[in-house]
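Me: I have a structure open that I have never looked at before. Could you walk me through some parts of it?

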Amino acid sequence: MPASPLAPDWLSYPGDANELNPALWASTVTRTRSGVLSVDGVPVTELAEKFGTPVYVVSETDFRTRARNFRDAFNAAFRDLCGGVDVYYAGKSFLCSEVAHWVSEEGLRLDTASGGELAVAVRAGLKGRQLALHGNNKSDVELNRALDLEVGRIVVDSLDELQRVGALAQARGATANVMLRLTPGVHAHTHEFIATAHEDQKFGLSLAPSSSGKESPAAQAVAAALDHPCIRLVGVHSHIGSQIFESAGFELAARRLLGFLAEVRDRHGVELKELDLGGGYGIAYTEEDTPRSPAVIAQAMAAVVGEACAAHGLRAPRISIEPGRAIAGPSTFTLYTAGTTKTVQVDADGASHPRRYVSVDGGMSDNARPVLYDADYSAVVASRTSAAEPVLSRVVGKHCESGDIVVRSVYLPGDTTHGDLLAVPGTGAYCWSLASNYNYLTRPPVVAVKDGEARIIVRGETEEDLLSRDVLRGTENDRATLEAGA
């Protein structure tokens, strides 16, 4: 059967719809002889029976291996240049107490973006020196918590915030470890909403001179930080965006930042000791995506940093990076149960062509990325094999939204039907983190699998959880709320 004209150009017609593309899945995911998907030796049919669906399934082995690969590859590439790197796991991609514990055990640090993420880190036993606090609008409560914990770095995003950090530190007679987030003017080749280093967006201090002719906000911030008695300026930071495959943006940002560090040296006589090059490394969501390995990324970045430092006569600063998606994303898949199916006819190229709709028991409440970023995913029938011809399909959720699409285009067996288990790979990053209760659906559990055993690391919600914050006048819940002063 030929490929459907409704399919995107990158989606090829499968020779066997039962095959797994290893680039899309955790290394521990296989199919059994009966066609059932298995992760770390546990069949998904068993997971569905025990935990229900939808459920996020994370391979702990794969997660830890990816974390270790980044640590080892970057340390090897930068050892001779600056003694190695500090790898900060970007907690915003997916964070819970157990994951924070894995990160720490694998020798990584943790990048947080809120007081809540800091609270998770503390609960998991991480120490302040292992932590960074990001954010473009940190509250005084969050900044004070970071100062209480003596975090390794507060990544300051603006001149206003720099002044507030200095004042809060001075009021308590403390010193704040500060890293300045800079905007190097690099437009990454990714979705507009996850490109973060061009000028017209909310993050960072620009390297460009101000419109009034004053020196750049970045230069002003460096001068103010070096002059403040309660700020220890440890270095500068840049993050150009997310889900990036091309190396050019990373390389250009590194060159511009190192050039700026040379300017700081020449003006202030200070060589800042640290440079954070951010994260944003792309992963495979579909067969179109071609991610690079940590070793390839590390070697390319080390070459650029070494070359730029030599050109400016700089001692290489200590490098840090912030992978999140590249560790969490491929380690996880979401398991659904298929419900309603139907076939519609769509006109294309002067003819009518079929598209199969397969509805599942989740949707945009457990994966908001397709509706937010036009993100593409893949899917397979996970509970059996099929000899049926593959049919171009669209996997959709159960929400009252026509945009509630889980997988826009995928070939699934033509006999996919009610009760089949479907698995969507690559959902470890930003799916649970962005999950909601839209239509009052409960958020799914997260189940970790390792060495043939599965356990819950984030409990799924119940209807009682949903109603527990819903205050009805005259009820026990109402009285409890009044007594709490809410």
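This is a predicted model: local features need pLDDT of at least 70, side-chain atom pairs count only at pLDDT 80 or more; totals for chains, interfaces and linings use all residues.

Me: Okay, so where does H2 bend, and by how much?
Reply: The bend in H2 is at alanine 76 and amounts to about 40°.

Me: What span should H2 have, and how far apart are its ends?
Reply: H2 covers residues 60-82, and its 23 residues, at 1.5 Å a residue, should span 33 Å; the C-alpha atoms at its ends are 31 Å apart, which agrees with that expectation.

Me: Which residues of H2 are buried?
Reply: Among them are the phenylalanines Phe63, Phe70, Phe74 and Phe78, and the buried set also includes the charged residues Glu60, Asp62 and Arg64.

Me: Let's switch to strands. What is the strand order in the open sheet of three strands?
Reply: The order is S1-S2-S3, and the pairing in this open sheet is antiparallel. S1 (29-31) and S3 (42-43) stand at the edges with a single partner strand each, so one side of each has no neighbour in the sheet.

Me: How many bridges join S1 to S2?
Reply: Three bridges join S1 to S2, which is made of residues 37-39, and the two strands run antiparallel. If you want a pair to click on, arginine 31 has leucine 37 in S2 as its bridge partner.

Me: What about S20, is it enclosed or open?
Reply: S20 (residues 446-450) has four of its five residues buried, so this strand is largely enclosed by the rest of the structure.

Me: Which strands does S20 pair with, and in what sense?
Reply: With S4 (residues 55-59), S20 pairs in the parallel sense over four bridges, and valine 57 stands opposite valine 447 of S20 there. With S21 (residues 453-458), S20 pairs in the antiparallel sense over five bridges, and in that pairing lysine 450 stands opposite glutamate 453.

Me: How many residues lie between S20 and S21 in their hairpin?
Reply: Two residues lie between them, and aspartate 451 in that turn has a positive phi of about 50°.

Me: Is aspartate 451 buried or exposed?
Reply: Aspartate 451 has a relative accessibility of 62%, and because the cut-off for exposed is over 50%, this residue counts as exposed.

Me: What is the phi of asparagine 439?
Reply: Asparagine 439 has a phi near 60°, again a positive value in a residue other than glycine. You will find asparagine 439 in the loop between S19 (421-425) and S20, and at 34% relative accessibility this residue counts as partly exposed.

Me: Which peptide bond is cis around proline 54?
Reply: The cis bond is the one from threonine 53 to proline 54, with omega near -5°. Proline 54 sits in the loop between H1 (44-51) and S4.

Me: While we are at H1, is leucine 47 buried or exposed?
Reply: Leucine 47, which is found in H1, is buried, with a relative accessible area of 2%. From leucine 20 it is 27 residues away in sequence, and the two C-alpha atoms are 19 Å apart in space.

Me: New topic: how do H7 and H8 cross?
Reply: The axes of H7 (residues 217-227) and H8 (residues 248-268) come within 11 Å and cross at roughly 50°, which makes H7 oblique to H8. H7 passes H8 in a right-handed crossing.

Me: Last one, how many residues of S17 are buried, and what pairs with it?
Reply: S17 (residues 390-396) is mostly covered, with six of its seven residues buried. Four bridges join S17 to S15 (residues 351-360) in a parallel run, where tyrosine 357 stands opposite arginine 394. S17 also pairs with S18 (residues 405-413) in the antiparallel sense over six bridges, and the bridge partner of valine 396 in S18 is isoleucine 405.

Notes. Residues are numbered from 1 along each chain as its sequence is written. Side-chain values use heavy atoms; hydrogens and water are left out. Two strands pair if DSSP finds at least two bridges between them. The expected span of a helix is 1.5 Å times one less than its number of residues. The bend at a residue is the angle between axes fitted to the seven residues ending there and the seven starting there. Buried means under 20% relative accessible area, exposed over 50%, partly exposed in between (1.4 Å probe, protein chains only). Axes are lines fitted to C-alpha atoms, for helices over the stretch in contact, and angles run from 0 to 180 degrees between N-to-C directions. Angles under 35 degrees count as roughly parallel, over 145 as roughly antiparallel, 65 to 115 as roughly perpendicular and the rest as oblique. A crossing is left-handed if the near helix is turned anticlockwise from the far one by less than a right angle, and right-handed if clockwise.
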